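Hi,

Here is the structure I promised to pass on.

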Amino acid sequence: GSRWRPRTADGVTIPGGVSPGIVSFLSVGYSLAVIFENHFHSIIYTMDFIYMTEEGYKKLSEEISKLESVDRPEVIQEIAEAREKGDLSENAEYSAAKEKQAVLEDKIAQLRMQLANARILDTANIDTSKVGILSKVTLTNMKNNQQRVFTIVSDTESNNKEGKIGISTPIAKGLLGKKPGDICEIEVPAGVLTFRIDEINI
């Protein structure tokens with residue numbers, strides 16, 4: 001037989017209790033591709049992990065805390081006040097408050113799922129020789145010679161005003177794995193953009 005040859009992944013803390021067949025982790029958007037590999041074949045499985053910065057994890061925790069400690073009690077109070085107004089079958093305020101509660105609880109559940117699946121990336125171990133998540137990339141648009149700076153983050157942390165683009169966006173996907181000096185053509189809804197990668201930092 002063939003032998004499994006494990007490799008580590010830069011910048012990612014590999015969870016404990018993982019099968020010895022796992023040889024590498026590749027983060028793609030919200031997914032983590034787990035590659036099993038031997039002499040004959042490779043098999044790729046995906047798990048819903050979300051990679052984010054420590055700052056992003058803190059913001060997510062704070063948002064959940066506010067929703068649960070402030071927004072939830074307010075909605076419960078609205079429901080109680082609406083219920084006191086009589087016949088619930090014809091009580092528009094009660095129906096609206098219950099709908100608001102359902103939306104809120106759904107949002108809390110989604111954010112808690114994100115928090116449970118979150119993995120904090122250690123920036124000290126990020127490879128800056130090529131573009132990956134948390135890379136701060138300086139680009140030159142080859143059409144107009146203008147420079148842009150993007151930081152590739154998880155989709156939950158994307159913020160266009162701050163130049164943070166989600167890893168599942170077309171531009172981020174087109175940059176992943178590229179190195180300084182590379183020319184890349186990226187298809188976006190408006191057409192094809194051609195960039196030269198000038199610099200990669202964290």
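Below is what I found, going from the whole chain down to single residues.

Before anything else, keep in mind that this is a predicted model.

**The whole chain**

The chain has three helices and ten strands. If you walk along the sequence, the order is β-β-β-β-α-α-β-β-β-β-α-β-β. The chain has 202 residues, and 35% of them are buried.

The crossing of H1 and H2 is left-handed. As for what sits in the contact of H1 with H2, there are 14 nonpolar residues, twelve charged ones and three polar ones.

Rolling a probe the size of a water molecule over the atoms shows where empty space is left. The second largest pocket here has a volume of about 240 Å³. It is lined by 15 residues, and those closest to its centre are Gly56, Lys59, Leu60, Thr156 and Glu157. Which elements give two or more residues to this lining? They are H1 and H2, with H1 giving the largest share, five residues. By type, the lining of the second largest pocket splits into six charged, six polar and three nonpolar residues.

Most residues other than glycine have a negative phi, and most peptide bonds are trans.

Leu134 is not a glycine, yet its phi is positive, at about 80 degrees. You'll find Leu134 in the loop between strand E5 (118-120) and strand E6 (136-141). Is Leu134 buried or exposed? Its relative accessible area is 7%, and buried means under 20%, so Leu134 is buried.

Asn145 isn't a glycine either, and it has a positive phi of about 65 degrees. Its place is the loop between E6 and strand E7 (147-153). Asn145 has 60% relative accessibility and the cut-off for exposed is over 50%, so Asn145 counts as exposed.

Cheers

Methods
Residues numbered from 1 in each chain as written. Predicted model: local features only at pLDDT ≥ 70, side-chain atom pairs only at ≥ 80, totals over all residues. Heavy atoms only, no water. Left-handed = near helix turned anticlockwise from the far one by under 90°. Helix = DSSP H or I, 4+ residues; strand = E, 2+ residues; numbered from the N terminus. Nonpolar A, V, L, I, M, F, W, Y, C, P; charged D, E, K, R; others polar. 1 Å grid on protein atoms, 1.4 Å probe; cavity = no way out; pocket = protein on both sides within 12 Å on 5 of 7 lines; lining within 4 Å. Points joined across faces, edges and corners; volume = space filled by probe spheres on them. Buried < 20%, exposed > 50% of the residue type's maximum accessible area, 1.4 Å probe, protein only.
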